[in-house]
Amino acid sequence: YMTPGPNIQQMNANMLKTVAREMNGIQDEQKDSLYLWQRNLFTEATANAIFGSNNPWARNKSLIDSFW
């Protein structure tokens with residue numbers, strides 16, 4: 001499943017869609033920590049790509065801190 005080919009390409013595309021949607025929604029708001037914002041964004045996007053949008057990290061964002 002994780003070998004190069006259409007499956008891994010689809011996972012990458014799903015992750016990038018989540019990141020693009022979040023980046024396109026950025027307004028003039030200031031983030032307290034760019035590192036934490038990026039870490040949380042990429043963790044959630046990767047979890048969505050691997051496990052689908054109904055995964056534990058999407059349902060409970062506090063798990064991201066616990067994971068790290």
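This is a short talk about one protein chain and a few of its residues.

Hi everyone. Before the tour, some ground rules. What we have is a predicted model, in which local features need pLDDT of at least 70, side-chain atom pairs count only at pLDDT 80 or more, and totals for chains, interfaces and linings use all residues. Residues are numbered from 1 along each chain as its sequence is written, and side-chain values use heavy atoms, with hydrogens and water left out.

Let's start with the overall picture. The protein chain has 4 helices and 0 strands, and from the N terminus on its elements run α-α-α-α. Helices (H or I, at least four residues) and strands (E, at least two) are DSSP runs, numbered from the N terminus. Along the principal axes, the C-alpha atoms fill a box of roughly 40 × 25 × 20 Å.

How much of the chain is buried? Of its 68 residues, 26% count as buried. Buried means under 20% relative accessible area, exposed means over 50%, and partly exposed is in between, with a 1.4 Å probe and protein chains only. The chain exposes about 5300 Å², and carbon and sulfur atoms supply 54% of that area. Those accessible areas come from the Shrake-Rupley method with a 1.4 Å probe; for residues, only the protein chains shown count as cover.

Now for contacts, meaning heavy atoms within 4.5 Å. Take the contacts between residues at least 6 apart in sequence: 40% of them join residues at least 24 apart.

Let's walk along helix 2, which covers residues 34-51. One of its residues is Arg 39. Is Arg 39 buried or exposed? Arg 39 counts as buried because its relative accessible area is 13%. Its side chain is joined to that of Asp 65 by a polar contact of 2.5 Å. For us, a polar contact is a pair of N or O atoms within 3.5 Å; within protein, one must be able to donate a hydrogen and the other to accept it, and residues adjacent in sequence count only if both atoms are side-chain atoms. Not counting residues up to four places away in sequence, Arg 39 touches Ile 64, Asp 65 and Trp 68.

Next on helix 2 comes Leu 41. With 9% relative accessibility, Leu 41 is buried. Leaving out residues up to four places away in sequence, Leu 41 touches Thr 18, Val 19 and Glu 22.

Which side chain does the side chain of Thr 43 meet in a polar contact? The partner is Trp 68, at 2.9 Å. Again setting aside residues up to four places away in sequence, Thr 43 touches Ile 64, Phe 67 and Trp 68.

Our last stop on helix 2 is Asn 48, which is buried at 17% relative accessible area. Beyond residues up to four places away in sequence, Asn 48 touches Thr 18, Ser 53, Asn 55 and Ala 58. By contrast, Asn 48 and Ile 26, 22 residues apart in sequence, are 20 Å apart from C-alpha to C-alpha.

That brings us to Ala 58, in helix 3, residues 56-59. Ala 58 counts as partly exposed because its relative accessibility is 23%. Apart from its neighbours within four places in sequence, Ala 58 is in contact with Glu 44, Asn 48 and Ser 53.

Finally, the rings. A pair of aromatic rings is described by the distance of the centres and the angle of the planes. Rings of Phe, Tyr and Trp (its six-membered ring) pair if their centres lie within 6.5 Å; planes under 30 degrees apart count as stacked, over 60 as edge-to-face and the rest as tilted. How many aromatic pairs does a search of the whole structure find? It finds 3. Phe 51 and Trp 57 form a stacked pair, 5.8 Å centre to centre with 20° between the planes. The rings of Phe 67 and Trp 68 have centres 5.5 Å apart and planes at 85°, so that pair is edge-to-face. Ring pairs link Phe 51, Trp 57, Phe 67 and Trp 68 into a cluster. Phe 51 counts as exposed, at 53% relative accessibility, and Phe 67 and Trp 68 are exposed as well.
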